Amino acid sequence: LSDGGKLLVVPMGGSHWLSMQQVVEKLTNRGHEVVVVVPEVSWQMKTTEAYTVKTYPVSYTLEELDNAFHEYVAMHLKDLPFPLNTLALYNSSVHVFRLFFLQCKDLFSSKETLQYLNQSSFDAVLTDPVFICGATLANYFSLPFVFFMRGFPCNLHYKAPQCPSPLSYTPRLFTFNSDHMTFFQRVENALVALLELVYCNGFYEDAIKFSSKVLQRDVSLLDLLNSASIWLLRFDFVFEYVRPVMPNMVFIGGINCAQRKPLSK
């Protein structure tokens with residue numbers, strides 16, 4: 001027998017949660033005490049008896065959440081040339097991110113929820129990092145935290161742990177290139193890489209300002225990300241562009257949205 005730890009889970013709704021939920025249920029089966037903190041308005045995040053669910057009030061409606069996501073998806077389906085595609089996707093992403101990040105602001109506005117979490121004496125935080133609320137909360141309570149994720153914009157899931165990512169054959173997001181690039185595609189790849197830091201700082205601008213205010217110190221995006229203890233990556237190393245990775249990066253491909261089913265004969 002071993003003593004289970006007490007884990008605070010800060011998830012993201014929708015398909016992200018469907019993947020994380022399997023892990024959370026396994027942790028409770030192994031003796032860990034788990035508390036999942038969720039907004040009152042969310043996607044696919046239903047209560048269960050397997051673990052404790054702590055909800056907090058939010059300042060948006062489900063209709064607003066749905067509309068923002070539909071606009072986001074519609075923009076991805078438009079066939080625009082470069083760089084119009086990058087600019088359009090950026091503006092759409094910023095809009096949907098700001099709506100989602102209201103969850104984090106509402107969480108820190110709920111004094112009752114913060115008091116409950118502070119008194120619960122957690123050992124660690126498990127979080128989906130896309131909206132960096134879990135990382136901010138972990139820093140706020142001075143707790144170690146684990147990322148459970150598929151990927152970051154701007155290649156941050158490799159940049160933050162300081163992994164090499166050669167521009168010569170690793171295509172950047174929004175270029176839609178493969179690892180076999182022409183000279184001009186490599187130039188395009190390099191230009192997009194130069195813009196990535198500006199892009200992600202703008203994308204996360206409100207979140208960084210809010211985190212700095214909450215933590216009462218100036219923080220950068222990389223400050224929040226590179227302090228993660230473990231990166232649980234929901235994809236397979238062999239299906240990605242080959243590169244060195246850090247010891248605290250663990251590939252757990254196959255944990256996506258639903259339980260795997262055996263292949264038919």
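Hi everyone. Let me begin with one cut-off: a residue counts as buried when its relative accessible area is under 20%. Keep that in mind for a residue in helix 7, N189. This is a predicted model, by the way. N189 has a relative accessible area of 0%, so N189 is buried.

What does N189 touch? Leaving out residues up to four places away in sequence, its contacts are L167, T170, P171, R172, T175 and M181.

Four of its five residues are buried, so strand 1 is largely enclosed by the rest of the structure. Which strands pair with strand 1? One of them is strand 2, residues 33-39, which pairs with strand 1 in the parallel sense over four bridges. Within that pairing, L8 has V35 as its bridge partner. To get from strand 1 to strand 2, the chain passes through helix 1, residues 15-29, and this β-α-β crossover is right-handed.

Strand 1 is also joined to strand 4, residues 124-127, again by four bridges, and these two run parallel as well. Here, L7 stands opposite A124.

Next stop, helix 5, which covers residues 133-140. Is helix 5 mostly covered or mostly open? Mostly covered: six of its eight residues are buried. Those six are C133, G134, A135, T136, L137 and A138. Just after helix 5 comes S142, and S142 has a positive phi of about 55°.

The largest pocket has a volume of about 1,300 Å³. Its lining takes in 48 residues, and the ones nearest the centre are Y72, G151, F152, P153 and L173.

Which helices supply at least two residues each to that lining? They are helix 1, helix 2 (62-76), helix 3 (84-109), helix 6 (156-159) and helix 7 (183-203). Helix 3 gives the most, with seven residues.

Conventions
Residues numbered from 1 in each chain as written. Predicted model: local features only at pLDDT ≥ 70, side-chain atom pairs only at ≥ 80, totals over all residues. Heavy atoms only, no water. Buried < 20%, exposed > 50% of the residue type's maximum accessible area, 1.4 Å probe, protein only. Pairing = 2+ DSSP bridges. Right-handed = clockwise from strand over helix to strand, strands pointing away. 1 Å grid on protein atoms, 1.4 Å probe; cavity = no way out; pocket = protein on both sides within 12 Å on 5 of 7 lines; lining within 4 Å. Points joined across faces, edges and corners; volume = space filled by probe spheres on them. Contact = heavy atoms within 4.5 Å.
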